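Hello,

Here is the structure you asked about. My notes follow below it.

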Amino acid sequence: MTDNGTDNARPDNFIEQIIHKDNASGKFAGGVVTRFPPEPNGYLHIGHAKSICLNFGVAERFGGHCFLRMDDTNPLKETAEYVAAIQRDVRWLGFEWGERESHASDYFEQLYEFAEELIHRGCAFVCSLSLDEIRATRGTLTEAGTPSPYRDRSVEDNLELFRRMRAGEFADGDHVLRAKIDMASPNINMRDPVLYRVRRAHHQRTGNAWCIYPMYDYTHCLSDYLEGVTHSLCTLEFEDHRPLYDWVLDTLATPHHPQQIEFSRLNLEYTVLSKRVLNTLVADGHVEGWDDPRMPTVAGLRRRGVRPQAIREFCHRIGITRSDGTVEMSALERCIRDDLEAMPRALAVVEPLKVVLTNYPEDREEWFTAPNHPQVEMLGTREIPFCRELWIERDDFMFDPPNKKYKRLSPGAEVRLRYGYIIRCDEVVTGNEGEAVELRCSVDLESRAGGANAERKVKGVIHWVSLRHGVAAEMRLYDRLFTESNPGRLKDGRRFTDVLNPDSLVLREGFVEPYLAGLDVGARVQFERTGWFYLEPERSRPQRPVFNRIITLRDNWA
RNA sequence: UGGGGUGUCGCCAAGUUGGUAAGGCACCGGAUUUUGAUUCCGGCAUUCGCAGGUUCGAGUCCUGCCACCCCAGCCA
């Protein structure tokens with residue numbers, strides 16, 4: 001059951017099926033423990049949301065629990081700011097980890113002891129080859145690597161060297177601890193992989209307590225083991241690492257052995273889901289930050305005005321499989337619109353064009369009662385002011401309509417003002433470029449609901465705002481960040497920076513009906529006929545509402 | 001070229017002892033509508049990467065191809 005009330009059951013995904021089988025066979029004594037293990041080196045994006053929903057969702061469905069674990073083994077790239085941002089985003093998405101917050105760095109001491117154990121067992125050795133030498137002796141995809149000359153150091157020598165590495169007696173790169181597996185393995189990950197490297201760097205959590213840091217492959221499986229994880233869910237690119245994951249746990253003969261299961265990561269059209277690329281967009285100033293509303297980050301979507309329910313529903317709809325594909329943006333957009341459908345309606349003009357009602361008295365003023373939602377009566381009504389001069393949407397007027405299907409204003413044409421009268425365009429005042437500057441219209445005073453001409457049929461209905469009462473507002477119209485559907489993998493020589501959409505953000509000065517100015521910051525509302533907007537907390541000021549366009553209305557107009 | 005994966009409608013995705021192709025998105029109708037919105041009805045894979053084979057019967061089993069993705073960080 002999702003938050004918007006739709007009970008859209010779907011068949012179990014392959015991971016849930018595996019868990020059902022494991023539970024049936026008693027493999028993990030019926031318990032289910034998962035973890036979401038981000039590296040705090042950037043903000044979470046919607047691809048992470050998929051993993052978060054999977055890990056927390058599976059734990060919840062099977063009555064287990066899920067850890068939020070910071071995979072902080074590389075002090076050079078990780079910061080406390082990212083840790084905080086990640087926690088905020090996971091929580092905002094609607095998931096709670098309670099006491100189960102962890103950091104790989106919590107286990108550094110235990111990890112170190114396991115490493116000595118590996119050395120004792122003759123399964124790890126200190127290698128003193130340089131970085132380049134290690135690379136050169138690793139072999140290639142088709143050729144086996146050659147064993148390190150240090151591979152047969154005695155247990156005693158290895159132990160002493162490793163302890164001295166920890167003690168800080170060596171410089172970065174002098175030595176590494178390597179697993180002793182098989183330099184001829186067709187799986188490159190098994191060619192004596194590095195387990196520990198010297199890194200004289202300040203760690204955001206452990207400070208200067210350590211100068212050697214464990215590598216991902218070594219850390220991850222043991223962290224999973226230490227936390228009692230049963231099903232370690234990760235993306236497909238780690239499939240080749242599973243033999244190493246298993247090797248470490250098998251070699252150490254841990255009493256519990258989590259099962260790694262891989263699924264395909266999310267790809268979304270017209271955006272990019274790679275922390276590296278997103279980081280570049282931020283660092284090079286192509287966007288205003290990780291939380292720029294155009295970013296596919298959780299923070300960006302939040303700031304755009306998207307609700308977490310929409311993101312969760314999206315993750316639910318796309319499913320979990322092992323086949324890689326690219327989801328169309330329309331799938332996400334559909335979820336966002338569905339979620340926003342119940343929001344109140346209002347009249348607002350994004351790009352104003354002045355209209356003067358020539359036969360409406362200058363000093364007259366009326367207030368029309370309008371429902372806040374056409375279908376949801378519970379949302380009540382409000383009063384909308386009306387007077388001789390109005391703003392209408394520039395797009396709702398055209399000198400020469402292309403065809404008879406056109407339903408808006410044009411010279412001589414009639415149209416109904418939403419919740420108000422029918423008007424006819426009698427005259428167009430033009431500017432230097434021949435553009436419309438003002439429309440002079442006549443109004444049919446009998447055409448309002450209840451009036452003698454209320455039933456008169458006109459081609460269309462347009463929205464409007466009283467010029468006298470309207471409140472000026474900043475409109476931030478967001479659109480896709482890239483012009484190509486797959487900016488991360490362009491066929492020709494272009495790079496993602498070459499296909500940024502110059503119109504991904506368009507600023508407009510508009511007008512909104514008075515009641516919108518009284519809304520609480522953070523409110524979401526549909527501007528009728530235009531789209532859903534978010535009164536952005538970060539930018540709005542008391543007398544200065546700033547609205548983000550979350551998404552346009554669906555437009556079926558051929 | 002070695003290893004590991006994946007291929008079911010434009011996109012996502014069910015299909016698990018072989019029995020005669022769910023659903024969602026998109027799209028196309030049509031109804032309702034003072035939002036070209038919403039809602040509502042209806043349509044949308046004789047076919048499952050390709051080619052053979054087994055079988056009364058195959059998306060599901062076998063064989064052989066093809067395409068695409070991942071791997072040679074002291075990143076995760």
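In which loop does A253 lie? A253 is in the loop between α8 (242-251) and β9 (259-263). Helices (H or I, at least four residues) and strands (E, at least two) are DSSP runs, numbered from the N terminus.

Before the rest, some conventions. This is a predicted model, in which local features need pLDDT of at least 70 and side-chain atom pairs count only at pLDDT 80 or more, while totals for chains, interfaces and linings use all residues. Residues are numbered from 1 along each chain as its sequence is written, chains are lettered from A and ligands numbered from 1 in the order in which they are written, and side-chain values use heavy atoms, with hydrogens and water left out.

Backbone

Most residues other than glycine have a negative phi. A253 is not a glycine, yet has a positive phi of about 50 degrees. Y419, also not a glycine, has a positive phi of about 65 degrees. Y419 is found in the loop between β16 and β17. With a relative accessible area of 17%, Y419 is buried; the word means under 20% relative accessible area, with exposed over 50% and partly exposed in between (1.4 Å probe, protein chains only).

Aromatic rings

Rings of Phe, Tyr and Trp (its six-membered ring) pair if their centres lie within 6.5 Å; planes under 30 degrees apart count as stacked, over 60 as edge-to-face and the rest as tilted. The count by this rule is 22 aromatic pairs. In one of them, the ring centres of Y360 and F386 are 5.2 Å apart and the planes are at 90 degrees, so this pair is edge-to-face. Y360 lies in the loop between β12 (352-357) and β13 (366-371), and F386 in strand β14 (residues 381-386), so the pair ties together parts that are 26 residues apart in sequence. Y360 counts as buried at 1% relative accessibility, and F386 does at 0%.

The rings of F368 and Y421 have centres 5.7 Å apart and planes at 80 degrees, so they are edge-to-face. This pair links distant parts of the chain, 53 residues apart: F368 is in strand β13, and Y421 in the loop between β16 (414-417) and β17 (422-430). Both F368 and Y421 are buried.

One aromatic cluster is formed by F108, Y112, F162, Y196, W210, Y213 and Y218.

Charges over rings

A charge sits over a ring if NZ of Lys or CZ of Arg is within 6 Å of the ring centre and within 35 degrees of the ring normal. The charged end of R302 is over the ring of W92, 5.3 Å from its centre. R480 lies over the face of Y270, 3.6 Å from the ring centre.

Regards
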